[in-house]
Amino acid sequence: MRKVITFLGVASLGLVLMLSGCGTKAVPASTSQQFPSVNTQSNQPSVAATPVYKRTEVITSPDAAKQLLDDGNARFASGKTLSKDLGATRRMDLEKNGQHPFAIIVSCSDSRVPPEVLYDEALGDLFVVRVAGNVITPVELGSVEYAVEHLKTPLVVVLGHEFCGAVTAAVQGGEIPGSIAAIVDKIKPAIDTAKASGATGNDLIEKTADINVQNAIQDILKSSIVKHAVDAKEVKVLGAKYDLDTGVVQWYN
Ligand SMILES: [Zn+2]
């Protein structure tokens, strides 16, 4: 029970931080302002001056996809997010022409780590698989395989983050109730590896989070569908970590 409180407590603290930061961060610019911006250019000059983002090309290169993520995260971290085309015309276009997401993001369910926001992307851009602790089970792997095989998405990113509540709960150990144990069990191998490196305290938690991302990548590469695409140089599988306060995503290695 104590572990449940810890798990939820970390998430709650993050929610407070996220909400408290809304007044100064770019979140409103990428959500509430984008809808009225279509018809309010006369009385909202600052919004009207903001470029509207709408990706029309289909991205097939892993490196081009990676660059788009880098560009988007740089905009987010600097508070210069773009307005998004979320209007009816864009939605109908996506319905008619189908989705062509350029990146698959496997990320934690943590409310502070929403991929579309921190990468400053819009409708149809990212194929997102979210699960606490960004672990890979057959269900998550099936989602990744679907996007690789059927949507031809060229880049897979396993996105970890600092101060992960799931990782912290796993490291602290103890009795884990309910199905939360299934998540913790997936993280445990990373704890063993991190401990073997001599890490302790908070360093052990962050080291576990780092190794947990690498383990998820290895789980993804066990898929013959993904492996085939990687060998054909059609897909890259990369790891990254999100910094909660700076908003910056850094690639591993
Ligand atoms: Zn997390």
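Okay, let's start with the sheet: five strands make an open sheet, ordered β4-β3-β5-β6-β7, with mixed pairing. Pairing here takes at least two bridges found by DSSP between two strands. At the edges stand β4 and β7 (249-251), each with a single partner strand, so one side of each has no neighbour in the sheet. From one strand to the next, the twist averages 25 degrees. In general, strands of a sheet pair through backbone hydrogen bonds, either parallel or antiparallel.

Quick housekeeping. This is a predicted model, where local features need pLDDT of at least 70 and side-chain atom pairs count only at pLDDT 80 or more, while totals for chains, interfaces and linings use all residues. Residue numbers run from 1 along each chain as its sequence is written. Helices (H or I, at least four residues) and strands (E, at least two) are DSSP runs, numbered from the N terminus.

Strand β6 (residues 236-242) pairs with β7 in the antiparallel sense, over 3 bridges. Which residue in β7 is the bridge partner of Lys241? That's Gln250. Helix α4 (residues 62-77) lies across β3 (103-107), β5 (155-161), β6 and β7, and runs at about 35 degrees to β5. For angles, axes are lines fitted to C-alpha atoms, for helices over the stretch in contact, and we go from 0 to 180 degrees between N-to-C directions.

Zooming out, the chain has 11 helices and 7 strands. Now contacts: two residues touch if their C-beta atoms, placed from the backbone, lie within 7 Å. Taking contacts with a separation of 6 or more, 74% join residues 24 or more positions apart.

Next, a pair of helices. The axes of α7 (residues 138-149) and α11 (residues 224-231) come within 9 Å and cross at roughly 40 degrees. The two are therefore oblique to each other; under 35 degrees would be roughly parallel, over 145 roughly antiparallel, 65 to 115 roughly perpendicular, and the rest is oblique. On the α7 side we have Val144, Glu145, Val148 and Glu149, meeting Ile225, Val226 and Ala229 in α11. That contact splits into 5 nonpolar residues, no polar ones and 2 charged. Nonpolar covers Ala, Val, Leu, Ile, Met, Phe, Trp, Tyr, Cys and Pro, charged is Asp, Glu, Lys and Arg, and the others, Gly among them, are polar.

Have a look at Val148 in α7. Is Val148 buried or exposed? Buried, because it has 26 C-beta neighbours inside 10 Å. Leaving out residues up to four places away in sequence, Val148 touches Thr153, Ile225, Val226, Ala229 and Val235. Val148 and Ile104 sit 44 residues apart in sequence, yet 8.3 Å apart in space, C-alpha to C-alpha.

For contrast, take helix α5 (residues 88-97): it's hardly covered, with 0 buried residues among its 10. Just after α5, Gly98 takes a positive phi of about 80 degrees.

Asp120, in the loop between α6 (115-118) and β4 (126-130), has phi near 50 degrees. Asn134, in the loop between β4 and α7, has a positive phi of about 40 degrees. Asp120 is buried, with 24 other C-beta atoms within 10 Å, and Asn134 is buried too, with 31.

How values were computed
Buried ≥ 20, exposed ≤ 12 C-beta atoms within 10 Å, placed from the backbone.
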